[in-house]
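Here is a friendly tour to read with the sequence and structure open beside you.

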Amino acid sequence: MKIKNISKYVVDKILYICLVLMIIIISVISPSFLSIRVLSDVLIQSAPKILLAMGMLVVIIAGGMDMTVGRLAGLGAIISGTLAQQTTYYLKFWTNLPELPIVVPIVASILIGLAMGAVTGIIISKFKVPAFLAGLGLQMILYGGNLLLLKKAPNNSQPLAGYKDTFLKFGTGSIFGVSYLIIAAMLVMVFVYILLNMTTLGKNIYATGGNREAAKVAGINVFKVDMFVYMLSGALAAFAGCMIAARTGSATATYAEGYEMDAIASCIIGGASFAGGIGNVPGAFLGVIIFSVINYGLTFVGLSSYWQYIVKGLIIVVAVALDMRKYASRS
Amino acid sequence: MSKSEYVLEAVEISKSFPGVKALDKVSMRVKPGTVHALMGENGAGKSTLMKCIYGIYSPDHGSILIDGEKATIANPRNAMDLGVSMIHQELHPVRPQTAGENIFLGRIPYKKVAGIHWVDRQRLIGETKEVFKKMGLDIDPKQKVAELSTAYCQLLEIARAVSLGAKIIIMDEPTSSLTDTETAILFKIIKQLKSENVAIIYISHKIDEILEISDAVTIMRDGKNVGTWPASELTTDSIVSRMVGREMNNRFPPKIHTPGAEYLRIDGITSTDPHSFQDISFEVRKGEIFGIGGLVGSQRSELIEAIFGLRGIAKGTIRIDGKEIYNKKPIDAIKNGMALLTEDRRKTGMIGSSSVADNTLIVQQNAHPKLYTRKGLHFIDYKKRNADAQKYVDTLSIKTPSLKTAIQSLSGGTQQKVLLGRWLLTQPNILILDEPTRGIDVGAKYEIYELMEEMARDGKCVIMISSEMPELMGMSDRIMVMCEGHMSGIISGSEVTDEKIMLLASTYKAIQEEE
């Protein structure tokens, strides 16, 4: 009986155990991993991905999937980058644009994200295009758009550069030793947690994903729910792109390529269900952190970073298989 | 020549799950060429016993004998090889494929040419036809299963069992989604199978059916075998009292309510879908239980779903207390004091992965969000929510480990009570129930009837759609019968007989011409 309890505990907490084990192994091989600076780096690297994962989490709970977020983050990076350039930069994107305050690129990226999210929402909810296919199409359109946008003279497909100091500071600066990006990611997590657990809308999101038809009968406007989740996901994705642009001081059309898959994987290993109606913020957060620790930790111990793909892939498959077993033993 | 008088013997089967003893030394003997009914409340262990026989579960103790020989049944494949087939309550046909392909699923006849197994269409269709002929079934083997009704899917499953050469067919609630005419077809086929010496184990909650079709009846209660009797020695009352372990004199609560003034009036409403309901008019009075009868396909559910704002209405009016209303969406209907317990609990009722509390609150918090949010930032007030959910768990005596339990882990009857609680919480003036007692046990049924009676006594309108004739007749003050989207009549009092309802349900034209 005792062994059974322990094994149940292990299956339930497998994610935490994985994370702790990984940190222990990495720290044993390379003790300097356990420093504030390194851990803070891991978190800073994770910040944009946390935003994508939080948006994706809400969409998955509502029974959908948002495949556009990677490219949308790329668009967010480009839009905010072009609006954050110094007036003196020789390859200035919008040639006659005056110096703008830092809120302009941030707000612009969020607005473009909301608009794109609305488009995704309408295509999926009104025109009933399956979420995966709608995302696939929009993803290509966004990529093409990003490429064409950057091709505009005088930029001619060069990576963006020449950002104002204030914008760069948003990406690299900190307050009381805590990076602005980490603060932004934490605020978004708190926001999504409150949304899902403390508001009626959150309850409706869970209900819509849990059983769409039943939610309709219960008087829930499922179209509104869909629009909300895709717009939220879009806004968070584009803002994440803005964060990446600010941190790296550049932007290209391949920014955030494939991030949608990381976001989906983080949510799923964090306990969200593709069937909808199930998922939580701490789980998705942990999913992101695990991937970042793998990413950072492997290079830290001197392994080729290519190994990260194999380890990540294994974790996804094993985590989901264990999760399935958890459900199987219940029924 | 079989060596035993019995084709199947289950001897002292026991099976435990963590925390529950599902079966406690249950024995059952089935003779070939008979229909052996298995009855009991939900959770009595009927399905567990059948799953042991069919190899889905392996029993902890006891043995299973087939034709007098001890059989090892480790999985459904073994069971099928030994001639045991099971027709599950929920069917999963491969809808895009044809009837024939479904019958031969996993063992399609083939011709081997050049090392490749090519589908032998001729044999597939020929053999399917043979099976259908044997059963007296009129289905084209080339017809797509998606085009067949639930009843025919059920018959198809049986045909599959027959084609497998089954000696024992287990049927789990085969008529739960069938209408009376479809049930009649099923019974004809069961009789045909009996004459071919096939034994049928028939699980059902419907006592009338059991008495009509079965030869022997085994009754289970709390994982134990209460006993086996010849069907001819049993009556409805004796079955019910043995199932619940106490005397149960009435299947329906006493009718105390008295209908009052007219409250809901429907005038000539017609669907936007030309194949659906046409020109329906009726009125429901306060404190009245209004039944709606008809066969599957009579568009009864479509009618009330349209009234509730889930489907389009081309013309006609809905009036509540003399005031015309229009329900564009369900939320409008809810705000107009209507509640709809839908026909299919899983599909359109419960949010399976959500808790009992969330399932109970879903409608009310959506119609009146302010009731459950604190002042200021409007965060959810969990105390208030849980108090309301608990109130309905208590009043409806819902058996759940906690408010946080996911609804999908509860039994069917309990789920139904949670969904009913969801709607009662909104304090509706018009309660619409679509097949409220489908697939739930006798005890839970009675509780739902009592609730309906109580609502009517409080002066509310209760509208009930039901395919179960005794329930429709036993509960309703008046019954509207529909046929193919038309209203074929409204009957009440002494007019209400089985025959009259059947007649109205199968013909609307004849009646109209008569008038």
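Is Glu173(B) buried or exposed? Glu173(B) is buried, because 20 other C-beta atoms lie within 10 Å and 20 or more is the mark for a buried residue. Keep in mind that this is a predicted model. The notes start with the sheet that leads up to this residue, then turn to the cores, the domains, the chain contact and some backbone details.

**The open sheet of chain B**

- Six strands of chain B make up an open sheet with mixed pairing, and their order is β6-β9-β10-β3-β11-β12.
- The edges belong to β6 (84-87) and β12 (224-230) of chain B; each has a single partner strand, so one side of each lacks a neighbour in the sheet.
- On average, and ignoring direction, neighbouring strands of this sheet are turned by 20 degrees against each other.

**How β9(B) is covered**

- Strand β9(B) is mostly covered, with five of its five residues buried.
- Which residues sit on each face of β9(B)? Ile168(B), Ile170(B) and Asp172(B) are on one side, while Ile169(B) and Met171(B) are on the other, and all are buried.
- Glu173(B) is found in the loop between β9 (168-172) and α6 (180-195) of chain B.

**Nonpolar cores**

- The largest nonpolar core has 172 residues, and those touching the most other members are Leu52(A), Met54(A), Leu57(A), Ala73(A), Ile432(B) and Ile463(B).
- Helix α11(A) contributes the largest share of this core, with 17 residues.
- Domain 2 (250-337 + 429-440 + 459-515) and domain 3 (345-427) of chain B both give residues to this core, so it lies between them.
- Leaving aside residues up to four places away in sequence, Ile432(B) touches Ile304(B), Phe308(B), Met338(B), Ala339(B), Leu340(B), Leu341(B) and Ile463(B).
- There is also a second, separate core of 71 residues, with Leu82(B), Met135(B), Leu137(B) and Tyr202(B) among its members.

**Domains of chain B**

- Chain B is divided into domain 1 (8-244), domain 2 (250-337 + 429-440 + 459-515) and domain 3 (345-427).
- Taken over C-alpha atoms, the centres of domain 1 and domain 2 of chain B are separated by 35 Å.
- Where these two domains meet, eight residues of domain 1 of chain B are in contact with nine residues of domain 2 of chain B.
- What classes of residue make up the domain 1 side of chain B that touches domain 2 of chain B? This side has five polar and three charged residues, and no nonpolar ones.

**Where chain A meets chain B**

- The contact takes 19 residues from chain A and 26 residues from chain B.
- On the chain A side, α9 (200-210) and α10 (212-217) each supply at least two residues, and α9(A) gives the most, with six residues.
- By class, the side of chain A that touches chain B has eight nonpolar, eight polar and three charged residues.

**Backbone details to check**

- Most residues other than glycine have a negative phi, and most peptide bonds are trans.
- Glu173(B) has a positive phi, near 50 degrees, and is not a glycine.
- Ala256(A) is not a glycine either, and has a positive phi of about 60 degrees.
- Ala256(A) lies in the loop between α11 (222-248) and α12 (259-269) of chain A, and counts as buried because it has 26 C-beta neighbours inside 10 Å.
- The peptide bond from Ala153(A) to Pro154(A) is cis, with omega near 5 degrees; Pro154(A) lies in the loop between α6 (131-151) and α7 (165-172) of chain A.

Terms used:
Residues numbered from 1 in each chain as written. Chains lettered and ligands numbered in written order. Predicted model: local features only at pLDDT ≥ 70, side-chain atom pairs only at ≥ 80, totals over all residues. Contact = placed C-beta atoms within 7 Å. Helix = DSSP H or I, 4+ residues; strand = E, 2+ residues; numbered from the N terminus. Nonpolar A, V, L, I, M, F, W, Y, C, P; charged D, E, K, R; others polar. Domains from an automatic or database assignment. Buried ≥ 20, exposed ≤ 12 C-beta atoms within 10 Å, placed from the backbone. Pairing = 2+ DSSP bridges. Axes fitted to C-alpha atoms, helices over the stretch in contact; angles between N-to-C directions. Core = buried A, V, L, I, M, F, W, Y, C linked by C-beta atoms within 7 Å.
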